[in-house]
Amino acid sequence: MKTDATPVRAGATVVAAEQRRRSRRAFLEPFEPLLDQLEAARNAGVYPFYEALDPASDRYRLRQPVVLVHNDYLGLSHDERVREAARRAITRLGTSRCSSPLAGGHTDLHRDLERRIATFLEQEAAVLFASGYQANVGIVAALMRRGDLVLTDLFDHASIVDGARLSGAEVRFFQHNSPAHLERILAQTDERRRKLVIVEGI
Ligand SMILES: Cc1ncc(COP(=O)(O)O)c(C=O)c1O
């Protein structure tokens, strides 16, 4: 009979740790080329994910950077009227509806905003998406189907291409900003086929 179990427990802990290390290595093995690329990017100082920006910090304010990576073209995210409306909405509804519109996430605020956007754009209706990515994936995938053709500018956002692929349609790219190339592709395509040409701009 053992009188002191400590060495046994310590031994078991070492074995368990070694097993965890081995299974972690086995799990990561297929991704090693990717991990090598990440390390090379870090060593070269070009690893871009993610620098945390603190807009309230002195470093940020003193340098007064012009931020071109955000989609806040009109600066509305910092407009006091927008901030106040957001505060009121959070007080009434919390920070999230915690579900998709279909499953109960649609509120009177969403409905009213959709109506106001539709009126502003002089359209029958408008639908809100939570992000640009979701809008493109949702719309393109809903409009097109197998057998159709989607033609996208080579530099269109990835969400457009993802939506087109999800639709099951054939996806073809034309050279960036080249109506001539687009026309050549269209000239080779059956006229009766349903087609969607997508370009983007602000
Ligand atoms: C044309 C276009 N579509 C979609 C997106 C994705 O938008 P979000 O970041 O809101 O998903 C972007 C992002 O820059 C974009 O430029």
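First, some ground rules. Residues are numbered from 1 along each chain as its sequence is written. This is a predicted model, where local features need pLDDT of at least 70, side-chain atom pairs count only at pLDDT 80 or more, and totals for chains, interfaces and linings use all residues.

Let's start with the largest nonpolar core, made of ten residues: Val137, Val140, Met144, Val150, Leu151, Ile160, Ala164, Ala169, Val171 and Phe174. Such a core is a set of buried Ala, Val, Leu, Ile, Met, Phe, Trp, Tyr and Cys residues joined through C-beta atoms within 7 Å. A residue is buried if 20 or more other C-beta atoms lie within 10 Å of its own, exposed if 12 or fewer, and partly exposed in between, with C-beta atoms placed from the backbone. At least two residues of this core come from each of helix H7 (132-143), strand E1 (149-153), helix H8 (158-167) and strand E2 (170-174). Helices (H or I, at least four residues) and strands (E, at least two) are DSSP runs, numbered from the N terminus.

Now look at the strands. E1 is mostly covered, with four of its five residues buried. E1 and E2 run parallel and are joined by five bridges; two strands pair if DSSP finds at least two bridges between them. In this pairing, leucine 151 sits opposite arginine 172 of E2.

What surrounds the ligand? You'll find Asn71, Ser131, Gly132, Tyr133, Asn136, His157, Ser159 and Glu200 there, counting a residue as near if its C-beta atom, placed from the backbone, lies within 6 Å. H7 gives the most to this shell, with three residues.

Helix H2 (residues 32-43) has twelve residues, and the number buried is zero, so H2 lies largely in the open. Its end C-alpha atoms are 16 Å apart, which agrees with the 16 Å they should span at 1.5 Å a residue; the expected span is 1.5 Å times one less than the number of residues. Just after H2, glycine 45 has a positive phi of about 75 degrees. Helix H4 (residues 80-93) also lies largely in the open, because the number buried among its 14 residues is zero. Glycine 94 follows H4, and its phi is positive too, near 85 degrees.

Finally, find arginine 111 in helix H6 (residues 108-120). Arginine 111 counts as exposed because it has 12 C-beta neighbours inside 10 Å.
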